[in-house]
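Good morning, and thank you for making time on the agenda. I would ask you to look at the sequence and the structure together while I speak.

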Amino acid sequence: MSSKSPTEESLKARYVIDPVSLREVVRNKAAVESRIEELENIGEPGDAERIAWLRILGRLQEAEELGWITLVKSGGETDTRQIVTPLPFQAVAGALRLAHVMHWQKKYSQADQLFTVALESAQSEIDNSEMNPVVARTLTAFAWQHLGKLHFDQGQFADALRSFESALVLRQELQSPEDQLSSTRQAIRTAEACLAQKVRPS
């Protein structure tokens, strides 16, 4: 079997979104570990997915280091970890992944900066280019969704709700996959509930 072919174990790598925390939760850690190992063997083409799985497993330092490496390669950051602004469109996906890692590390200010520049770049691509309209809208929706989660974890439920609603509008327009639509609708329900109760989730 090719080293690039998923093993039977790694094919079991899945996550679900916890409806209270709005975070990804794995059911089979061994399967995810197996998938991470496969992705590492693949090399650079597997880095994007590997960052996500490392984050979900809580291996945040590894995820951050790999996130910076991929952001540099995409032209979104200098060797001294200065974010390029305006952020090149090709660096948006990498910036979102790294921002998500920093969010989980509770580096809220840095995460907010990355989410914001990524969102601005994606929205600019929607407004100014006919080359990547679907990709730009898709990345904008992801940016709104995860910026909402950043607000949510800081107890900023009104801001979170607005971000989730912005994500849902775009995802409905794009007729995004049902799992993406469902996760955004769940995030809206959870944010509305927390806003009504004025309490932070446990």
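Let me begin with a convention on residue classes: Ala, Val, Leu, Ile, Met, Phe, Trp, Tyr, Cys and Pro count as nonpolar, Asp, Glu, Lys and Arg count as charged, and the others, Gly among them, count as polar. Please also keep in mind that this is a predicted model.

The structure holds 1 cavity of 30 Å³ or more, and the volume of the largest cavity is about 50 Å³. Which residues line the largest cavity? They are Ser21, Leu22, Arg23, Glu24, His100, His103, Trp104, Lys149, Phe152 and Asp153. Sorted by class, this lining comprises 4 charged, 3 polar and 3 nonpolar residues. Two helices, α4 (92–104) and α6, each contribute at least two residues to the lining.

His146 is located in helix α6. Is His146 buried or exposed? Its relative accessible area is 13%, which is under the 20% cut-off, so His146 is buried. Apart from neighbours within four places in sequence, His146 is in contact with His100 and Phe115.

Helix α7 covers residues 157–174, 18 residues in total. From first C-alpha to last, α7 reaches 25 Å, close to the 26 Å expected at 1.5 Å a residue. The buried residues in α7 are Phe157, Ala160, Leu161, Ser163, Phe164, Ala167, Leu168, Leu170 and Arg171. As background to such a list, an α-helix has 3.6 residues a turn, so residues three or four places apart point the same way. The cover over the buried residues of α7 includes α6 (133–153) and α8 (178–197). After α7 comes Gln175, with a positive phi near 55°.

Finally, the aromatic residues. How many aromatic pairs does the structure hold? There are 2 aromatic pairs. In the pair of Tyr15 and Trp53, the ring centres are 6.0 Å apart and the planes stand at 70°, so the pair is edge-to-face. Tyr15 belongs to strand β1 (residues 15–17) and Trp53 to helix α2 (residues 47–56), so the pair ties together parts that are 38 residues apart in sequence.

Terms used. Residues numbered from 1 in each chain as written. Predicted model: local features only at pLDDT ≥ 70, side-chain atom pairs only at ≥ 80, totals over all residues. Heavy atoms only, no water. Helix = DSSP H or I, 4+ residues; strand = E, 2+ residues; numbered from the N terminus. Expected span 1.5 Å × (residues − 1). Buried < 20%, exposed > 50% of the residue type's maximum accessible area, 1.4 Å probe, protein only. Contact = heavy atoms within 4.5 Å. 1 Å grid on protein atoms, 1.4 Å probe; cavity = no way out; pocket = protein on both sides within 12 Å on 5 of 7 lines; lining within 4 Å. Points joined across faces, edges and corners; volume = space filled by probe spheres on them. Phe/Tyr/Trp six-rings, centres within 6.5 Å; stacked < 30°, edge-to-face > 60°.
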